[in-house]
Amino acid sequence: MRRSPDFVVRTVGGQDLLVPIGAMVGKTNSIVVLNPTGRYIWDLLAEDRSPGELAAMLAARFGIDRERADADVRPFLDDLGRMGLLEP
Amino acid sequence: RQPYEPPRACRVEV
């Protein structure tokens, strides 16, 4: 999976915001706020990644165990997908 | 390392 090209991340007031661009502007009436860990994963999703790959990178980056990383990454990816932030 | 917190995405409606 990979992030949608219809959104860009911008840091405003210390918050990482996903802002719609292009044609998506007219279809969206919201923006999305990412916490720092969410931003880290969003950046990784610039390339095609599997959930397992993302979990492994998250575990290595933050020094958490792989099981916890798996448990945290999957619902986050579900959220991104539900909000239309991933490529179909 | 940066303190860990689970990844979150929160929608802000306009």
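Two residues are in contact when heavy atoms of one lie within 4.5 Å of heavy atoms of the other. The legends below describe close-up views of a predicted model.

**View 1. The interface between chain B and chain A.**
In this predicted model, 14 residues of chain B are in contact with 22 residues of chain A. The size of an interface is often given as the accessible area lost when the parts come together. For chain B and chain A, the area buried between them is about 1,700 Å², and 53% of it is on carbon and sulfur atoms. The side of chain B that touches chain A is made up of eight nonpolar, one polar and five charged residues. Between the two chains there are zero salt bridges, while five residue pairs are in polar contact, with both residues at pLDDT 80 or more.

**View 2. Strand pairing across the two chains.**
Ser30(A) stands opposite Glu13(B). Leu34(A) has Ala9(B) opposite it in β1(B).

**View 3. Strand β3(A) and its partner within chain A.**
Strand β2 of chain A (residues 15-20) also pairs with β3(A); these two strands are antiparallel, with three bridges between them. Leu34(A) is the bridge partner of Asp16(A).

**View 4. The two faces of β3(A).**
In a regular strand the side chains alternate between the two faces of the sheet. Which residues of β3(A) make up the covered face, and which the uncovered one? Ser30(A), Val32(A) and Leu34(A) form the covered face. Ile31(A) and Val33(A) form the uncovered face.

Asn35(A) lies in the loop between β3 and α1 (36-44) of chain A. Is Asn35(A) buried or exposed? Its relative accessibility is 8%, and buried means under 20%, so Asn35(A) counts as buried. Leaving aside neighbours within four places in sequence, Asn35(A) is in contact with Glu5(B), Pro6(B), Pro7(B) and Arg8(B).

**View 5. Pro36(A), in helix α1.**
Pro36(A) belongs to helix α1 of chain A. Pro36(A) has a relative accessible area of 43%, between the limits of 20% and 50%, and is therefore partly exposed. Pro36(A) and Asp78(A) are 42 residues apart along the chain, and their C-alpha atoms are separated by 18 Å.

Definitions and conventions: Residues are numbered from 1 along each chain as its sequence is written. Chains are lettered from A and ligands numbered from 1 in the order in which they are written. This is a predicted model: local features need pLDDT of at least 70, side-chain atom pairs count only at pLDDT 80 or more; totals for chains, interfaces and linings use all residues. Side-chain values use heavy atoms; hydrogens and water are left out. Buried area is the accessible area (1.4 Å probe) that two parts lose on being put together, summed over both. A salt bridge is a side-chain nitrogen of Lys or Arg within 4 Å of a carboxyl oxygen of Asp or Glu. A polar contact is a pair of N or O atoms within 3.5 Å; within protein, one must be able to donate a hydrogen and the other to accept it, and residues adjacent in sequence count only if both atoms are side-chain atoms. Ala, Val, Leu, Ile, Met, Phe, Trp, Tyr, Cys and Pro count as nonpolar, Asp, Glu, Lys and Arg as charged, and the others, Gly among them, as polar. Two strands pair if DSSP finds at least two bridges between them. Helices (H or I, at least four residues) and strands (E, at least two) are DSSP runs, numbered from the N terminus. Buried means under 20% relative accessible area, exposed over 50%, partly exposed in between (1.4 Å probe, protein chains only).
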